[in-house]
Each structure stands twice: as structure tokens, then as C-alpha cells.
Amino acid sequence: MPDPRILLGVFGRAHGVRGLVHLHSYAAEPESLADYPALLDDRGRSWTLVWRGAWIAELRDGEGRALADREAAAAMTNRRLY
């Protein structure tokens with residue numbers, strides 16, 4: 001059975017020291033990802049995002065907490081976003 005989820009992006013490397021990540025968007029309009037109330041990663045965790053620059057995003061978990069630092073952002077590398 002094919003995966004019913006729609007792949008919207010993949011997290012790239014960390015950006016800076018404040019928990020920002022590069023996000024490779026597969027949406028026709030990448031900025032539209034910030035309009036979704038919640039997105040799921042490949043581990044089932046819920047995320048929202050705010051664009052902070054071209055391809056740079058701040059992630060917030062299901063409880064509204066941003067990634068703490070560069071180490072937390074680096075742990076997201078290559079995680080898929082649905």
C-alpha cells in the first residue's frame with residue numbers, strides 16, 4: 001500500500017546557533033508551509049514553522065516551543081516533513 005502522506009519538505013543542516021534549520025520545500029509555493037496549522041515529521045511529531053529567511057525556518061513543536069539550539073536543529077537534519 002502506498003504511503004498516504006504527502007511529502008512537503010526535508011530538513012537540511014542547522015543554521016546559526018539559535019535552533020534554525022534549512023528547509024528544502026517541495027511545495028509549489030514554499031512560503032505556504034507556514035500557513036499549515038501543523039505538519040508531521042517522519043517520526044510522527046507535530047511541528048509548525050515560521051520562515052526567517054530564504055529557506056531558513058524556525059520550528060516549533062506541538063506545544064509551541066522552538067528548537068533550543070544548534071544541536072537540536074542538527075538532530076532534525078534529513079527528517080522528512082509531511
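Residues are numbered from 1 along each chain as its sequence is written. In this predicted model local features need pLDDT of at least 70, side-chain atom pairs count only at pLDDT 80 or more, totals for chains, interfaces and linings use all residues, and side-chain values use heavy atoms, with hydrogens and water left out.

Me: In what order do the six strands stand in the open sheet?
Reply: Strands (E, at least two residues) and helices (H or I, at least four) are DSSP runs numbered from the N terminus. Two strands pair if DSSP finds at least two bridges between them. The pairing here is antiparallel, and the order is 3-4-5-2-1-6.

Me: Why is one side of strand 3 and of strand 6 left without a neighbour in the sheet?
Reply: Strand 3 (39-40) and strand 6 (80-81) stand at the edges of the sheet. One side of each is left without a neighbour because each has a single partner strand.

Me: Which residue of strand 5 is the bridge partner of Val21?
Reply: Strand 5 is joined to strand 4 by six bridges, and strand 2 pairs with strand 5 over three bridges. Val50 has Glu58 as its bridge partner in strand 5. For Val21 the partner is Ala57.

Me: How many residues of strand 5 are buried?
Reply: Buried means under 20% relative accessible area, exposed over 50%, and partly exposed in between (1.4 Å probe, protein chains only). Strand 5 is mostly covered, and of its six residues the buried ones number five.

Me: How many residues does the largest nonpolar core have?
Reply: A nonpolar core is a set of buried Ala, Val, Leu, Ile, Met, Phe, Trp, Tyr and Cys residues joined through side-chain atoms within 4.5 Å. Phe11, Val21, Leu49, Leu59 and Leu67 have the most contacts inside the largest one. Strand 1 (9-15), strand 2 (20-25), strand 4 and strand 5 (56-61) each give two or more residues to this core. The number of residues in the core is 16.

Me: Is Trp55 buried, partly exposed or exposed?
Reply: Trp55 lies in the turn of the hairpin formed by strand 4 and strand 5, with a positive phi of about 70 degrees. Its relative accessibility is 43%, so Trp55 counts as partly exposed.

Me: Where is Asn78?
Reply: Phi of Asn78 is also positive, near 70 degrees. At 58% relative accessibility, Asn78 counts as exposed. Its place is in the loop between helix 1 (70-74) and strand 6.
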